[in-house]
Every structure is written in structure tokens, then in C-alpha cells.
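Hi,

Here's the structure I promised to pass on. Have a look at it first, then read my notes below.

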Amino acid sequence: MENSIKRIGVFTSGGDAPGMNACIRAVVRTAIYEGKKVSGILHGYQGMIDKNIIAMDSRSVSNILQLGGTILKTARCLDFRTTEGRLKAYNNIKEEGIDALVAIGGDGTFTGAEVFSREFDIPVVGIPGTIDNDLYGSDFTLGYDTANNTVIDAIDKIRDTAASHDRLFFIEVMGRDSGCIALNCGIAGGAEAILLPEKETGIDELIQKLESAAKDKKSSTIVIVAEGDKNGGAYNVAKRVQEKFDFYDAKVTILGHLQRGGSPSSFDRVLASRLGFAAVKNLLRGQTRIMVGLRGNDIVTTSLEEALRSKEFKLAEDMIEMTNVLAI
């Protein structure tokens, strides 16, 4: 397959994540070093359908290592979910001479890549780029570390105000289906309670924790709420808690898309570079329909099917237990 691959197409899809540009840079320069040509596909799968494709060289990715977002842009594409849309995309990339793909994104990106690869027998390697850190096969996904640092910085600043006014703050973080950001940042930010999609925490249980904090005369109280928590988000939780406590001045902060932006951390820059390098190397070794990821300090591969469908991904139970212990 190494000899048959002449041009590699690289694209980003789904939600953007810090580190995507560093990853694009690594893919482009590794491919060129190996004697291959590279095309950048703008706006993900939509760009394939619209034939929005550009040739890239080593200078195309100069001075992007430190940038957040993605220079290739990203979009969600309903047309790609249809057979007709995928056929149009395939014809367009073949006209451009692209005979292998590197897909940077999350589960939606990988679902499309797997189907596309099987239908048209085109080699594809996925790179996990999502701040949610919710893909099986990699300890960390691109952008997760940076998002954590962004959230922790916000918690620290809010804590200053909470302590100054004896206030109760509910901080909502991203995580519709995954509580990784909420759990990690809740521990790092010293939260008194953390509400996760994976663990149903009733309002009564939360109130007990807050009552205990009040009795211990804590000068500030922070509750981290993942957006996918079963209680309906931070505003709904705050409203129900406020009904029980007339002495708490409850405030809500929704961090939202602030968590996706910003210059990637050193960790994300190095991870992105390693994964981009590994993706090209594995393509040229004849690998396809795999995801490259980090396990411990080693780069490993996992089939896209397993990365998408494995039920083994879950939050560490000791960390969940630790949130209760450290909040006393």
C-alpha cells in the first residue's frame, strides 16, 4: 500500500479542539518527508461533497502549531449520511488524486470514516480530536488537556468571588455524554460536589452535601455540573437548590464554548504531533480503518469499530469516590 498511496487527504470534522492545527502540521510534514503529496479538505465531509480541496506543502502549515481551532475549518454534513452524498464525495477526492485519508475528530467523524472506507475501499486512519476525552483506545484525546486548563482557570477566578461574598456557585462545563471534564476539573478545582452524566446524583443528595458544607462554615462552595447531567443543567439544579436554602446566594456560570478555544497546551501540542506522525506512518504500512491513540506513553492503534462501539470506556471509580472524600 505504501507504493500505491500518492496523495493523502487530511480533514477535521465535528467540534473543533485545541491541538488540531498542530496535528494537521504533523500529518502534512510527515507525508511530505515520506515523499507523498498532501491535500487539505476544507469543512470536513462537506468539503468533500463541495470539492473544497486545496494542495498543501510544508509552508502551508508554518506558524500554526500554537493556534486554537482548525485552519481546515469544520462543519457537520447531513448529505454525507446518504449513499448519494458519499458517492459524490468519493468521486471528488478521486478526481483530486487523493487515495488515502487522515480524519481528525470524534465519534461522528469516525463513524463516517469507517462507512466511507468500507464502501469505497479507501484507506483511512483516525486521530481522536475532541475535548470530551470519550473515545475508547486513547487515554487522552486532542484538546482535553487544554480544555481542562481553561476550566480550572475559570474555577479559580470564580472561587475568588465566591469566597469574598460567601456565595454558592454552579459552574456548567461541557460533557453531554461524558463527565471527564467535570470530574477532572472538579477535583483540580476543589469542588464540593460534581454532577456527572454517568452517575445520577439526586437533588436531595446534593442538598445534604451543601448542608454539610454550610455547617462546616465553608466560605465558598463550588458545584460542577456536566451539561449532560440528568438533573437538567446548572440553571435547573441551582433553582431547585435555591428553593431549599434561603441563606445561600446562588449564582450560575455556563462556560460553554470558551472551553473549546485557546492556544493548545504543551501536552496537546506534543500529543497532536505524535498522533499526526503515527497516522501517516500507519497508513504507509498498509493499515486502514484504525485510530491512533495514546496508552501510557505509547502510541497504539485501535480499530475504528472498537473505538466507536466498545463499552469499556468509563470514568475511574476511584476518582468518583475521591470527590466525596476530598470535599469534606
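How many bridges join β6 to β8? Six, and the two strands run parallel. (Strands are DSSP runs of E with at least two residues, helices are runs of H or I with at least four, both numbered from the N terminus; two strands pair if DSSP finds at least two bridges between them.)

Before going on: this is a predicted model, where local features need pLDDT of at least 70 and side-chain atom pairs count only at pLDDT 80 or more, while totals for chains, interfaces and linings use all residues. Residues are numbered from 1 along each chain as its sequence is written, and side-chain values use heavy atoms, leaving out hydrogens and water.

Back to β8 (residues 221-226). β7 (residues 193-195) also runs parallel to β8, with three bridges joining them. Ile-224 in β8 stands opposite Ile-171 and is also the bridge partner of Ile-194. Six of the six residues in β8 are buried, meaning under 20% relative accessible area with a 1.4 Å probe, protein chains only. In a regular strand, side chains alternate between the two faces of the sheet. Here Thr-221, Val-223 and Val-225 point one way, and Ile-222, Ile-224 and Ala-226 the other.

Now for a loop residue. Thr-130 sits between β5 (124-128) and α5 (144-165). Thr-130 counts as buried because its relative accessibility is 13%. Leaving aside residues up to four places away in sequence, Thr-130 touches Ala-17, Gly-106, Leu-135, Thr-141, Leu-142 and Tyr-144, where contact means heavy atoms within 4.5 Å.

Cheers

Methods: Buried < 20%, exposed > 50% of the residue type's maximum accessible area, 1.4 Å probe, protein only.
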